[in-house]
Amino acid sequence: VQGPLELLRVDMTAKPAQASRLQYTYIAQMQELSESNGIVVFTGNIPAVVQNPEPIEYAFPFLLHMGLEMNDQLELQVVFNPLTRDMIKFQGQGDLQMNMSPNGAIELNGRCEVVKGSGSYTYQNLFKRNFEVVPGGTLLWTKDPANPFVDLSAYFTVRTSPLPILATDIDKQDTANLRKEVFWVVANVKDYLIEPDLDFQLKYP
């Protein structure tokens, strides 16, 4: 800790304690439109220099620079839909740098590699699927803590007949082709988390 009492600089390092959990919930922000029948007209000269400015009041009287060591003791949860509890949770390894300015703005930089993870997703309010995250995926933060660049794969299992994906000239009456098998539906997620690119594949375990 150093600097004047009015605006201290705090440098610290931290790592998760055992069984730690951090949750972030995405909240849809609604923008309200207002209508007005009048026109606002500015008249007069605007001074180039403000005389005797009011003192700045900070939400936090310090600058915070924190190095965060990610390990498998921390479970990070991202809730996409608070109503259906659609979410992804994972544990990973990496080093992050968090900076918080006196006005409360937070920047996050660093990379995290997923060790293990899981989650759930509701499809158009019809059914809910639980999925597993494939180890080795990454999340990269570049300032915006709510919008990392992701490169992840996740899968869920389905039990169905392979007939629809087999060649058209096979014997459709063969009971072996009608027998239900277990398949993985794999979703590859890449790009920034707010608007990711999704690619789906069907795999036989």
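Two strands count as paired when DSSP finds at least two bridges between them, and the strands themselves are DSSP runs (E, at least two residues), numbered from the N terminus. With that in hand, look at Val-79: its bridge partner in β5 is Met-87. This is a predicted model, in which local features need pLDDT of at least 70, side-chain atom pairs count only at pLDDT 80 or more, and totals for chains, interfaces and linings use all residues. Residues are numbered from 1 along each chain as its sequence is written, and side-chain values use heavy atoms, with hydrogens and water left out.

Let's stay with β5, which covers residues 86-100. It's mostly covered, with 11 of its 15 residues buried (buried means under 20% relative accessible area, exposed over 50%, and partly exposed in between, using a 1.4 Å probe and protein chains only). Which strands pair with β5? Strand β3 (residues 62-70) does, antiparallel, over seven bridges, and here Met-70 stands opposite Gly-94. Strand β4 (residues 74-81) is also antiparallel to β5, joined to it by five bridges. Then there's β6 (residues 106-123), which runs antiparallel to β5 and is joined to it by 14 bridges; in this pairing Gln-91 has Lys-116 as its bridge partner.

Two of these pairings are hairpins. Between β4 and β5 there are four residues, and Arg-85 in the turn has a positive phi of about 60°. The hairpin of β5 and β6 has five residues between its strands, and there Gly-104 takes a positive phi near 95°.

Now for the empty spaces. Rolling a probe the size of a water molecule over the atoms shows where empty space is left. On a 1 Å grid over the protein atoms alone, a pocket is an open set of points where a 1.4 Å probe fits, with protein on both sides within 12 Å along at least five of seven lines; its lining residues have an atom within 4 Å of a point. The volume is the space filled by probe spheres set on the points, which are joined across faces, edges and corners.

The largest pocket comes to about 810 Å³. It is lined by 26 residues, and the closest to its centre are Tyr-121, Phe-131, Ala-187, Val-189 and Leu-198. Strands that each supply at least two lining residues include β5, β6 and β10 (181-192), but the largest share, five residues, comes from β9. By class, this lining has 22 nonpolar, two polar and two charged residues (Ala, Val, Leu, Ile, Met, Phe, Trp, Tyr, Cys and Pro count as nonpolar, Asp, Glu, Lys and Arg as charged, and the others, Gly among them, as polar).

The second largest pocket has a volume of about 510 Å³. Of its 21 lining residues, Leu-22, Tyr-24, Leu-76, Leu-108 and Pro-145 are the closest to its centre. Its lining divides into 20 nonpolar, one polar and no charged, and β5 is among the strands that give it at least two residues.

Finally, two single residues. Leaving aside neighbours within four places in sequence, Ser-118 is in contact (heavy atoms within 4.5 Å) with Met-87, Ile-88, Lys-89, Phe-131, Glu-132 and Val-133. Over in β10 lies Glu-181, which counts as buried because its relative accessibility is 19%. Not counting residues up to four places away in sequence, Glu-181 touches Val-158, Arg-159, Thr-160, Pro-162 and Tyr-204.
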